[in-house]
Amino acid sequence: MACMSVLTRDEAQNRAQLLDVHRYTIELDLTTGDETFDSRTLIRFAVLEDRDATDTFVEVKPAELRSVTLDGQPLDPGTLDGNRLPLKNLTAGEHELLVDARMRYSRTGEGMHRFTDPTDGETYVYTQLFLDDVQRVFAAFDQPDLKAVFDLTVTAPEHWTVLANGITEHLGDGRWRAATTPLISTYLVAVAAGPWHSVRTEHRGLPFGLHCRRSLAPHLDADAEELLDVTRACFDRYHEKFEEPYPFDSYDQAFVPEFNAGAMENPGLVTFRDEFVFRSAVTDTERQTRAMVVAHEMAHMWFGDLVTLTWWDDIWLNESFAEYMGYQTLTEVTLGGSGGTPPRTWGSDTWTDFGVARKAWGYDADQRPSTHPVAPEHVEDTASALLNFDGISYAKGASALRQLVTWLGEKDFLAGINIHFQRHRFANATLADFIDSLAAATERDVHAWADAWLRTTGVDTLTASVDARPGQWTLTLDRDGSRPHRVTVGVYDRDLGDGRTLVLRERYETDVPQDGAPEPRPGTRPALVLPNDLDLTYAKIRLDATSLETVLRGLSGIPDALTRAVVWNALRDMVRDGELAPTDYLATAAAHLPAETDLALVQGVLAFASGHIADRYLTPARRPEALALLTELCRDLIRRTEDGDHPGLRLIAVRHRIDTAAHPDTIAAWLADGTVPGGPELDPELRWRVLARLAVLGATDEAAIAAELERDPSATGREGAAHCRAALPDEAAKARAWEAMFGSDDLSNYLFTATAQGFWQPEQADIVRPYVARYYKDAVAVAARRGPAIAEAAGRWAFPAHAVDAENLKLGEKCLRKADPIPALRRKLADQLDDLARALRVQGAQQA
């Protein structure tokens, strides 16, 4: 089989200068079997260059290329070279290319993914064509700046519904026709077909729809009004912000199975992972996260779909913007308030969640060798571009935009955005175009700002020092880095009444670096001086000694959750940098989490304490002590929530109590009783969580797993069973799990991930030790066979992260030098090995 070629930036630029693509007419037949479908594509395009003959190519990845005709003349299908079909001797003017092919369904979430629901046997298919997977579904000039209009016809089983970018019409006999799209990029074409359960409504004259598998219908129906409320509120808010109206003819949101991303911004048909149709209890923060994803994807309708990047070096124009706008818009909308429902807002809670859950993602990514600028100047090819969909393009980029709004002012920022939409609607744009649009709305030097923030790498560190003198004090902020920052400084005193609560004295803004010497401020030396209060910039914070002592002793006394998030992030960074002992972080969590009210903070601190500190930053000998402390902390939280007034907090505590259990008795009793004493009852998610931990502890067996799967035969149940089976501390179970992941190619993307999540356990280091060396060879092989999605899963979930030792690091470094893994796996391995080296340094600092 010929190798598949990735598209380079130079090739894309040359082809864009050569071609004007007008229209795709696509016919898909989804009734031809379980393995393949038929794809027939007519492309109308023009050659722009005025010369005698021109060569180019079109991309397609078929199971079988049946026929190709160009301007009515047959071409030889045998000339297909990997995924490129050469088009030679093209003359200037109009052309028609007709490609008839048989295409393979995917089981890895790429191209046309096919899924059969084990609950009821119904089958669903959907497309995920990002970044260059359109060629798995139909022939295309597959690059974002060759926009065209698309006419789509789909033949499907008679009882199916077909969804697409535009309104679809059933023509009879299983044939569906979608309305012609406006000009969009190839990667944004979308189809979702199956016996969907749908909830439909209208808003502002447009049809809105929610869609999911039939087996999830009761769960979607339970949340439909909330989802539609969020959708309508965000839709209306964007129309207040943006002068350009929503540019498509409908707004469908389909929750699809085994989806690799959180969601995808296909115009008119946003696809979400169907875990967002909650079938078990969730916290309010998890509902808020779902609402943010709805807001994020809707922002893409303007920034990404209406105006699209020219090439993949500007992915931040899509993702950073949508990330910032999703969080910010959710702070501004009011939900409910009609039909007797009280109005509801999330307000600043959304930025607290961002600070805890997203910013840490960006900080971690930006300190690895694989870091890159938010807006890199040159991304060589599509394989390289795919690697940049990370914490930098999302979280750091959104943080940079939030800092830009702080510096520029929201009025000028939105004015610049609207200029950008006006200039480039239904077209493509670059970073330079975007900055020029902003510059047209302000007198500030946004070009210099962009160079400092978007073209550089790494995290700046702002270190505070306080000089206290009688009647006044002075804050000096030293910057390790190169970016300008406008920060809010929070100044706090101890409440003289109880000595524990901190009271805000003042907040003031300052620039870093400052012009001239810092000005003294009147009053006594504060108990806490916090740079970047309100979290408006992107930088690591180091507190002065007095302020650090204040927060270690009195963190729960800080009145604002967003401020507490900034402090917790500072402590997290100090642990990772070897400046704060991991045990001090655990002690601070034990002292202050029992009084914490913000769910995102509780979840974030517990996740770091267990997943990083207990599992990696402490030596194996000290891990039991850490688990015992976390178990007791979760017991405290469970006791605190016995009154039933804090169900979200109780759910988080129960989850982490299960995950940190060192002995099976308590959680086994919960499983037998079907409930935690005082609640909650164990729903499917909690039952599988308990069973997985019992498997790790050797307190369950295959018979119990099979019985639970019979009780919950859903897709999620299959994943839970795969996780549990891989987690059994049994050599035969480990061998079966390894063979399933690396010896065959039968596992879907989700089942691969579930198996990998169960396989490595710190408690089972002796049993899995032989597999550490095997991992590198087998991961390289499976990634080469199965492609980027499985490579990502193999690098992220199947990596032996528990093995924090020099030998594992040595094996990984040798693999990167000699084994030549595909780019997606190479990037994940490089990141994992850097995290491993950091964990070794943190452990070493404790022993020094």
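T461 has K540 as its bridge partner in β28. The structure is a predicted model, in which local features require pLDDT of at least 70 and side-chain atom pairs count only at pLDDT 80 or more, whereas totals for chains, interfaces and linings use all residues. Residues are numbered from 1 along each chain as its sequence is written, and side-chain values use heavy atoms, with hydrogens and water left out. Helices (H or I, at least four residues) and strands (E, at least two) are DSSP runs, numbered from the N terminus.

The bridge between T461 and K540 belongs to the pairing of strand β22 (residues 461–469) with β28, which is parallel and extends over three bridges; two strands are taken to pair if DSSP finds at least two bridges between them. These strands are part of an open, four-stranded sheet of mixed pairing, with the order β26-β23-β22-β28. Because β26 (521–522) and β28 (540–542) each have a single partner strand, they stand at the edges, and one side of each is left without a neighbour in the sheet.

A separate antiparallel pairing joins strand β12 (residues 168–172) to strand β13 (residues 175–178) over four bridges. Within this pairing, E169 has R177 in β13 as its bridge partner. The two strands, β12 and β13, form a hairpin with two residues between them, and D173 in the turn has a positive phi of about 55 degrees.

Helix α15 (residues 623–640) comprises 18 residues and reaches 26 Å from its first C-alpha to its last, close to the 26 Å expected at 1.5 Å a residue; the expected span is 1.5 Å times one less than the number of residues. Buried residues (under 20% relative accessible area; exposed, over 50%; partly exposed in between; 1.4 Å probe, protein chains only) in α15 are R623, A626, L627, L630, T631, L633, C634, L637 and I638. They lie on the same side of α15 because they cover an arc of only 160 degrees around the axis, the arc being that of the directions from the helix axis to the C-beta atoms. An α-helix has 3.6 residues a turn, so residues three or four places apart point the same way. The exposed residues P624 and E625 are carried on the face of α15 turned away from its buried side. The buried residues of α15 pack against α13 (582–592), α14 (599–617), α16 (647–659), α17 (665–673) and α18 (684–696), contact meaning heavy atoms within 4.5 Å.

P620 lies in the loop between α14 and α15 and is exposed, at 68% relative accessibility. P620 and A798 are 178 residues apart in sequence and 20 Å apart in space, C-alpha to C-alpha.

Rings of Phe, Tyr and Trp (its six-membered ring) were paired if their centres lie within 6.5 Å, with planes under 30 degrees apart counted as stacked, over 60 as edge-to-face and the rest as tilted. The count comes to 49 aromatic pairs by this rule. One of them, Y246 with F248, is edge-to-face, because the ring centres are 5.7 Å apart and the planes stand at 75 degrees. Y246 is buried, with a relative accessible area of 8%, and F248 is buried at 8% relative accessibility. The rings of Y324 and W351 have centres 5.9 Å apart and planes at 35 degrees, so this pair is tilted. The pair links distant parts of the chain, with Y324 in helix α4 (residues 315–332) and W351 in helix α5 (residues 349–366), 27 residues apart. Both Y324 and W351 are buried.

Charges also sit over aromatic rings (NZ of Lys or CZ of Arg within 6 Å of the ring centre and within 35 degrees of the ring normal). R114 lies over the face of Y105, at 4.9 Å from the ring centre, and R483 lies over the face of W453, at 5.5 Å from the ring centre.
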